[in-house]
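Can you walk me through this structure in plain words?

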Amino acid sequence: MLTRSVTAAILLAALVTAQRQVLAHHSVAVNFDQSKQVDVTGTIKEVVFRNPHSQITVTVPKPEGGSTDWFVEWSDKNALVRRAVPFELLQPGIKVTITVNPSRQLPNVGYFSKALLPDGRVLRDCGFGAFRQSVAKQETVSCEPQKQ
Amino acid sequence: MRAAEAVTCQPRRHRLAAALLVATIAATASPVLAQATSPVAPQGKRADLDGVWILARNATTENLKLTPAGEAARARYEPLRHDPDMKCIPASFTRVMHTPSPPTEIRQFADHVEINYEFMDVHRRVPIKPKLAIKDAPYAVVKFPHLGRSVGRYEGETLVIENGDVQAGVHDTLGTPGLPQSDQMHTVERFVPNGNTMQVIVTHTDPVYYQQPFVVTFTFQRLPGGKILPWDCTPEAASYERFFPQK
């Protein structure tokens, strides 16, 4: 089982970036700048896991006072369920840092890359590439959050 | 029972159910009704395509050459505003197959094939009637008539589906984003089984927007134990309109 998890982790690292560029419901590469990463630190206001894509709203405090909302798009719920991504760890009220690829056109909108949870673990999405590789090998992909 | 075995058992149930249905109709229906509902004999050797499939790798596109009209149409495409996905509308069967994670289920019957794409809840019914003209076929997806009409046949172990009478608009938004299609877009899909993998080779012909037929090849792999889940797309969730700055 450990070997399978390690294999899945390696596959994740190798595949998730490349696959996500072309494999998404709305082309991620078209809508989001994957050459850039932005850390969005704040409090989760709302999570909606649904199809065709999920959304996490994060309230981010402004240095000058007040706050602004960031909208983080993520995979469709069906895919997250199939990949056994523990997305329920993201709950309203918790403080997180979500790393996103920013939208090419829209302010305060980004695509989910990873989330630093309050307990220090990092939640990632194994990605479809790792999932289908695991299916081909009759293995189970593991998306459990890892310590950073 | 292993998951893979469970998948191979499923089609047998469908075949049994289909056989029972046919027997029931034959025994109870009037001669006229029986004639109207009897399955057509399968053409060729029926391919073993039953099951649930996911994309095994990225699709490939060959011979894509737009006409000047096609180039102009593509230049006008704005993904955030023109992508039919944003309204929960599947642009084309090619577009649907380009979607990576939602699986596709194929169920073969004596006189038709059901293809259930999880993406956008596209449930396609293809009559296996080689002599049926596309214009006379029913819409392939009742919920989405703009996807056109399909007719299927078997060539050896290959399932061949021709599709036409589509609505002009956006053809694809993923493989090559912003590809247009006219109402003359005609596709021939060849479903070629190979054990636990399957190729779907789609030849697209549209003289309005393309200089020559172009081919998109999808490679699928079986998803043992897989099932199609509801997609339940809502435009409110699918659109980016809510993110646009207020005017």
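Predicted model: local features only at pLDDT ≥ 70, side-chain atom pairs only at ≥ 80, totals over all residues.

As for labels, residues are numbered from 1 along each chain as its sequence is written, and chains are lettered from A and ligands numbered from 1 in the order in which they are written.

Chain A has four helices and seven strands; these are DSSP runs numbered from the N terminus, H or I with at least four residues for helices and E with at least two for strands. Starting at the N terminus, you'd read chain A as α-α-β-β-β-α-β-β-β-α-β. Now look at contacts, meaning residue pairs whose C-beta atoms, placed from the backbone, lie within 7 Å. Among those in chain A between residues at least 6 apart in sequence, 60% link residues at least 24 apart.

So where do the chains meet? On chain B, 25 residues are in contact with 22 residues of chain A. Helix H4 (79-82) and helix H6 (235-238) of chain B each give at least two residues to that side of chain B.

Next, zoom in on strand S7 of chain B, residues 158-164, where five of the seven residues are buried. S7(B) pairs with strand S6 (residues 149-155) of chain B in the antiparallel sense over seven bridges; to count as a pair, two strands need at least two bridges found by DSSP. Across that pairing, Tyr154(B) stands opposite Leu159(B). The hairpin of S6(B) and S7(B) has two residues between the strands, and Gly156(B) takes a positive phi near 60° there. S7(B) also pairs with strand S10 (residues 186-194) of chain B, again antiparallel, over five bridges. Here Asn163(B) has Thr187(B) as its bridge partner.

Technical notes
Contact = placed C-beta atoms within 7 Å. Buried ≥ 20, exposed ≤ 12 C-beta atoms within 10 Å, placed from the backbone.
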